[in-house]
Amino acid sequence: MSKKNKFYWLEAVTEKGTRALLTEENSKFAWLRSQRNRRILVVVELLGIAMIAMGSYYPTIKTNLNLTEDLDLVVFASAAALTVVLVLGGYSFLRVAVRGIADAPDELLDERQIKIRNTSFRYAYLAIGYLLIAVLMLMFFGPELQLFQAEGNDGSYLMVATLFAFATAPSMILAWREKDI
């Protein structure tokens, strides 16, 4: 019994899906592959992650802007919808733009792609280390945050933003650095 579509649990990808990203030249996604457009996607993704992180300080921002209850609901709903589109849409396009190299297992990549992916992971983990230092400094010296609070500044948004940054960093680094993918 041969396996038609092997699932790689560690990378959470399928063989067919990864091979399709690596080999197919789909013309409808060709515009994503230029370095300029990939860098724009990285900026969009970072903007979305920053908006998620700002959710931790939304009660303070709301107080400082003197928003009414109705306007508060409109602003929060609009910001949440925009954030979801930026983060999920940005990452989906970013993954296609880098051909899924950052998420692919070794056996589906050639030597050059493995080296590029591993270098991107190294830089991504260095960047995440600096990001975690910045988050810790913000938590120590910024406005007070507590996790899972109904009232006041809720630090869980900052935690979720850090997790999104951690998950997307290899693809963002790969998209930013490589000239030709």
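Glu107 and Lys6 form a salt bridge, with their closest N and O atoms 3.8 Å apart; the term stands for a side-chain nitrogen of Lys or Arg within 4 Å of a carboxyl oxygen of Asp or Glu. Glu107 sits in the loop between α4 and α5 and Lys6 in the segment before β1 (7-8), so the pair ties together parts that are 101 residues apart in sequence. The model is predicted: local features need pLDDT of at least 70 and side-chain atom pairs count only at pLDDT 80 or more, while totals for chains, interfaces and linings use all residues. Residues are numbered from 1 along each chain as its sequence is written, and side-chain values use heavy atoms, with hydrogens and water left out.

**Salt bridges**

- The structure holds five salt bridges, including the pair of Glu107 and Lys6.
- Side chains of opposite charge can pair when their charged atoms come close.
- Glu107 is exposed, at a relative accessible area of 56%, and Lys6 is partly exposed, at 33%. Here buried means under 20% relative accessible area, exposed means over 50%, and partly exposed lies in between (1.4 Å probe, protein chains only).
- Arg117 forms a salt bridge with Asp106, and the closest N and O atoms are 2.3 Å apart. This pair links distant parts of the chain, with Arg117 in helix α5 and Asp106 in the loop between α4 and α5, 11 residues apart.
- Arg117 is buried, with a relative accessible area of 8%, whereas Asp106 is partly exposed, with 45%.
- Arg19 forms a salt bridge with Glu15, where the closest N and O atoms are 3.1 Å apart. Both residues belong to helix α1 (residues 15-23) and are four residues apart, about one turn of the helix.
- Arg19 is partly exposed, its relative accessible area being 40%, and Glu15 is buried, at 19%.

- Apart from neighbours within four places in sequence, Glu15 is in contact with Asn5, Lys6, Tyr8 and Leu108. Contact means heavy atoms within 4.5 Å.
- Glu15 and Asn5 are 10 residues apart along the chain, and their C-alpha atoms are separated by 5.5 Å.
- Phe7 is part of strand β1 and counts as partly exposed, with 34% relative accessibility.
- Residues up to four places away in sequence aside, Phe7 touches Ala12, Val13 and Thr14.
- Phe7 and Gly17 are 10 residues apart in sequence, and the distance from C-alpha to C-alpha is 9.6 Å.

**Overall fold**

- The protein chain has six helices and two strands. Helices (H or I, at least four residues) and strands (E, at least two) are DSSP runs, numbered from the N terminus.
- Read from the N terminus, the order of elements is β-β-α-α-α-α-α-α.
- The C-alpha trace spans about 60 × 40 × 35 Å along its principal axes.
- The chain has 181 residues, of which 37% count as buried.
- Among contacts with a separation of 6 or more, 72% are between residues 24 or more positions apart.

**Packing of α2 and α4**

- Two packed helices are described by the angle between their axes and the distance between the axes.
- Helix α2 (residues 35-54) packs with helix α4 (residues 69-97) at an angle of about 145°, and their axes are 8 Å apart. Axes are lines fitted to C-alpha atoms, for helices over the stretch in contact, and angles run from 0 to 180 degrees between N-to-C directions.
- Residues that make the contact include Leu41, Val44, Leu47 and Met51 of α2 and Leu82, Leu86, Tyr91 and Leu94 of α4.

**Surface**

- The accessible surface of the protein chain is about 11400 Å², and 66% of it belongs to carbon and sulfur atoms. Accessible areas come from the Shrake-Rupley method with a 1.4 Å probe; for residues, only the protein chains shown count as cover.
- A nonpolar patch on the surface, with about 1000 Å² of accessible area together, includes Tyr123, Leu126, Tyr130, Ile133 and Phe141. Patches are made of residues with over 30% relative accessible area and no salt bridge; like charges are joined within 9 Å and nonpolar side chains (Val, Leu, Ile, Met, Phe, Trp, Tyr) within 5 Å.
- Tyr130 lies in helix α5 (residues 111-141) and is exposed, with a relative accessible area of 60%.
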